[in-house]
Structures are given as C-alpha cells and as structure tokens.
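Thank you all for coming.

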Amino acid sequence: MPKMKTHSGAKKRFRLSGSGKIIRRRANRAHYNEWKSSKLTRRLKDEVVMSDADTKKIKKLLGK
C-alpha cells in the first residue's frame with residue numbers, strides 16, 4: 001500500500017501540540033495591519049487550539 005501524503009496547505013497552517021491538540025494561527029493578521037487597532041492586533045497575536053469539531057478533519061490532512 002502506498003503511504004498517505006501530508007496535505008501541503010495543512011502542514012503550513014497547523015501543527016500538533018505535545019498532547020495531540022491542533023494549534024492554529026488567528027486570521028486577519030497577515031496584512032493591512034496599519035489601520036487595525038493595537039487592541040485588535042494584540043488579540044489576534046496568539047495561537048489557539050483548534051475546535052473539537054474540526055480536529056478530526058485536520059488530523060487526517062496531516063496524516064496523524
């Protein structure tokens with residue numbers, strides 16, 4: 001049987017924590033930050049844990 005390949009887009013966007021949870025970046029932080037408030041950009045700075053509803057799908061894309 002051939003091995004399952006990791007989804008190229010998913011490996012750039014998600015990673016696994018030590019306990020097996022999916023970590024993702026928040027959206028709306030890539031560009032046009034000049035006019036966004038500092039309060040907003042600080043809130044979007046941190047990485048967050050993926051919701052349980054999407055975890056199974058993302059793990060499959062990552063081949064885990």
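By a nonpolar core I mean a set of buried residues, drawn from Ala, Val, Leu, Ile, Met, Phe, Trp, Tyr and Cys, that are joined through side-chain atoms within 4.5 Å, and buried here stands for under 20% relative accessible area. Please keep in mind throughout that this is a predicted model.

With that in place, the largest nonpolar core has six residues, namely A10, F14, I22, M50, I58 and L62. If we take I22 and leave aside residues up to four places away in sequence, I22 touches F14, R15, L16, V48, V49, M50, T55, I58, K59 and L62.

Side chains of opposite charge can pair when their charged atoms come close. How many salt bridges does a search of the whole structure find? The search finds one, and it is formed by the side chains of R15 and E47, at 2.6 Å from N to O. Because R15 lies in strand β1, residues 14-16, while E47 sits in the loop between α2 (38-45) and β3 (48-49), the pair ties together parts that are 32 residues apart in sequence. Both partners are partly exposed, R15 with a relative accessible area of 44% and E47 with 43%.

Finally, let us look at S19, which is found in the loop between β1 and β2 (22-24) and which, at 62% relative accessibility, counts as exposed. The C-alpha atoms of S19 and P2 are separated by 28 Å, with the two residues 17 apart along the chain.

Terms used: Residues numbered from 1 in each chain as written. Predicted model: local features only at pLDDT ≥ 70, side-chain atom pairs only at ≥ 80, totals over all residues. Heavy atoms only, no water. Salt bridge = Lys/Arg side-chain N within 4 Å of Asp/Glu carboxyl O. Helix = DSSP H or I, 4+ residues; strand = E, 2+ residues; numbered from the N terminus. Buried < 20%, exposed > 50% of the residue type's maximum accessible area, 1.4 Å probe, protein only. Contact = heavy atoms within 4.5 Å.
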